[in-house]
Amino acid sequence: MNQAVIVGISDMKIVNEPEKLISYALGSCVGICIIDKVAKISGMAHIMLPYNNSLDKENTFKYADTGITEMVRQMGYLGGRKNRMIAKIAGGAKMFDIKGSSSIGNIGERNILAAKETLQKLQIKLYAEDVGKNYGRTITLESTTGNLTIKSFGRNLIII
Amino acid sequence: MDLNEIHIDVLKEIGNIGAGNAATSLSQMLSKRIEMNVPEVSLLNYNEVINSIGGAENVVVGILVSFDGDIEGVILFLLKKEFVHLILNSLLGSELHNFEEISDIELSALAEIGNIMVSSYVNSISLLTNMKIEITVPSLNIDMSGALLDAVTAQFSEIADKVIFIKEKYFCQDETVYSHMLLLPSISSLKILLNRFGLDV
């Protein structure tokens with residue numbers, strides 16, 4: 001059971017204790033982890049963009065709003081209850097500091113805001129976060145403890 | 001917006017033209033005889049780009065330049081360790097053991113190389129299409145390739161799931177190194193660019 005379940009870009013996975021979840025190299029993307037200790041399940045979504053404005057049904061997990069909402073719905077099928085769920089988020093960095101008309105610079109920030117807003121709408125408590133700045137993050141969630149480990153290039157590990 | 005085979009061929013050709021020029025200026029700057037193959041231009045999705053540069057956690061140098069004028073968008077250069085070592089060794093005589101130890105002087109040398117390569121790239125597109133294109137000061141970061149790539153992929157994903165990916169192979173003495181470049185025009189610029197080649201989108 002040491003092998004972590006990989007969550008790719010624009011993807012989402014739910015596991016039972018004691019499985020682990022991992023998302024590699026989040027830059028401006030945001031990883032949202034939701035843990036229900038009573039149902040013993042945890043979910044992780046790896047979103048790229050803030051809002052699913054065109055209601056793209058094929059790529060639900062590409063967007064913070066539809067991605068988180070769908071993850072919570074699926075966790076509900078597996079016995080999860082919103083009032084017991086806690087969330088941890090990481091990512092949303094600004095990897096390049098660039099001038100001009102391009103909106104690439106603030107995608108990370110918009111992703112963080114959209115993730116927080118969606119969690120608030122769903123009334124899920126945001127328990128911990130490690131967001132922003134200018135470096136990438138690989139995140140691993142241990143479902144048993146709920147610990148989220150963040151690994152970055154040239155930096156110490158962070159556990160939230 | 002849907003791109004068909006013909007659109008893709010034109011984009012590949014645009015990628016080809018600029019790449020040769022960029023390699024020539026690199027060769028001049030390093031005052032080394034650098035030979036190159038015809039660049040490989042392909043349309044790849046995020047995962048394919050990641051695989052092609054050694055996996056999401058492989059640490060690389062990313063240089064991002066945005067361009068505007070008649071068309072706008074961004075160009076992202078991704079340089080693996082071997083390529084960076086070749087540049088720094090030729091320019092400054094330094095040995096790069098790992099990215100953690102890179103100095104400020106080495107960083108600005110890299111940014112300058114990136115700037116010159118992107119400029120010569122953009123100039124050749126500008127000449128070919130007779131359009132005015134200006135580039136901004138480059139922004140450089142060293143990090144996991146997946147992290148450097150996701151913002152530009154996210155931005156471009158409103159147009160297409162794939163990006164224009166240009167891989168060049170250089171031979172310098174007995175070494176072979178690769179550079180990787182992503183060309184990401186905005187949706188309206190992509191239309192303008194294709195229109196110049198007589199294609200409707």
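Visitor: Which residues in helix 1 of chain B are buried?

Guide: This is a predicted model, and helix 1 of chain B covers residues 5-29. The cover over its buried residues includes strand 1 (34-36), strand 2 (40-44), helix 4 (104-129), strand 7 (163-172), strand 8 (175-185) and helix 6 (187-196) of chain B. An α-helix has 3.6 residues a turn, so residues three or four places apart point the same way. The buried residues of helix 1 of chain B are B:His7, B:Leu11, B:Ile14, B:Gly15, B:Gly18, B:Ala19, B:Ala22, B:Ala23 and B:Leu26.

Visitor: How many Å does helix 1 of chain B reach from its first C-alpha to its last?

Guide: Helix 1 of chain B has 25 residues, for which 36 Å is expected at 1.5 Å a residue. Just after this helix, B:Ser31 takes a positive phi of about 40 degrees.

Visitor: How are helix 3 of chain B and helix 4 of chain B placed, roughly parallel or roughly perpendicular to each other?

Guide: Two packed helices are described by the angle between their axes and the distance between the axes. For helix 3 (residues 81-92) of chain B and helix 4 of chain B, the axes lie 10 Å apart and the packing angle is about 105 degrees. Since angles from 65 to 115 degrees count as roughly perpendicular, helix 3 of chain B and helix 4 of chain B are therefore roughly perpendicular.

Visitor: Which class of residue has nine members in the contact of helix 3 of chain B with helix 4 of chain B?

Guide: On the side of helix 3 of chain B, the residues are B:Val84, B:Ile87, B:Leu88, B:Leu91 and B:Leu92, and they meet B:Ile105, B:Glu106, B:Ala109, B:Leu110 and B:Ile113 in helix 4 of chain B. By class, this contact has one charged residue and no polar ones, while the class with nine members is nonpolar.

Visitor: What radius of gyration does chain B have?

Guide: Chain B holds six helices and eight strands, which follow one another along the sequence as α-β-β-α-β-β-α-α-β-β-α-β-β-α. Its C-alpha trace spans about 50 × 30 × 30 Å along the principal axes, and 42% of its 201 residues are buried. A compact globule with 201 residues would have a radius of gyration near 17 Å, and chain B agrees with this, at 16 Å.

Visitor: Is B:His180 buried or exposed?

Guide: B:His180 lies in strand 8 of chain B, and, with neighbours within four places in sequence left aside, it is in contact with B:Ile53, B:Leu78 and B:Lys167. Its C-alpha atom is separated by 7.1 Å from that of B:Phe165, 15 residues apart along the chain. A residue needs 20 or more other C-beta atoms within 10 Å to count as buried, and because B:His180 has 21, it is buried.

Visitor: Which element of chain B gives the most residues to the side that touches chain A?

Guide: In the contact between the chains, 26 residues of chain B meet 28 residues of chain A. The elements of chain B that give two or more residues to this side are strand 3 (59-69), strand 6 (139-144) and helix 5 (145-156). By class, the side of chain B that touches chain A has 12 nonpolar, eight polar and six charged residues. The element that gives the most, with 10 residues, is helix 5 of chain B.

Visitor: What is the radius of gyration of chain A?

Guide: Chain A has two helices and 10 strands, which run from the N terminus as β-β-β-β-β-α-β-α-β-β-β-β. The globule rule gives 15 Å for 160 residues, so chain A is as compact as a globular protein of that length, with a radius of gyration of 15 Å.

Visitor: How many C-beta neighbours does A:Ile68 have inside 10 Å?

Guide: A:Ile68 has its place in helix 1 (residues 64-77) of chain A. Not counting residues up to four places away in sequence, A:Ile68 touches A:Ile32, A:Ala45, A:Ala115, A:Thr118, A:Leu119 and A:Leu122. A:Ile68 counts as buried, and its number of C-beta neighbours inside 10 Å is 30.

Definitions and conventions
Residues are numbered from 1 along each chain as its sequence is written. Chains are lettered from A and ligands numbered from 1 in the order in which they are written. This is a predicted model: local features need pLDDT of at least 70, side-chain atom pairs count only at pLDDT 80 or more; totals for chains, interfaces and linings use all residues. Two residues are in contact if their C-beta atoms, placed from the backbone, lie within 7 Å. Helices (H or I, at least four residues) and strands (E, at least two) are DSSP runs, numbered from the N terminus. Ala, Val, Leu, Ile, Met, Phe, Trp, Tyr, Cys and Pro count as nonpolar, Asp, Glu, Lys and Arg as charged, and the others, Gly among them, as polar. The radius of gyration is taken over C-alpha atoms; the globule rule is 2.2 Å times the number of residues to the power 0.38. A residue is buried if 20 or more other C-beta atoms lie within 10 Å of its own, exposed if 12 or fewer, and partly exposed in between; C-beta atoms are placed from the backbone. The expected span of a helix is 1.5 Å times one less than its number of residues. Axes are lines fitted to C-alpha atoms, for helices over the stretch in contact, and angles run from 0 to 180 degrees between N-to-C directions. Angles under 35 degrees count as roughly parallel, over 145 as roughly antiparallel, 65 to 115 as roughly perpendicular and the rest as oblique.
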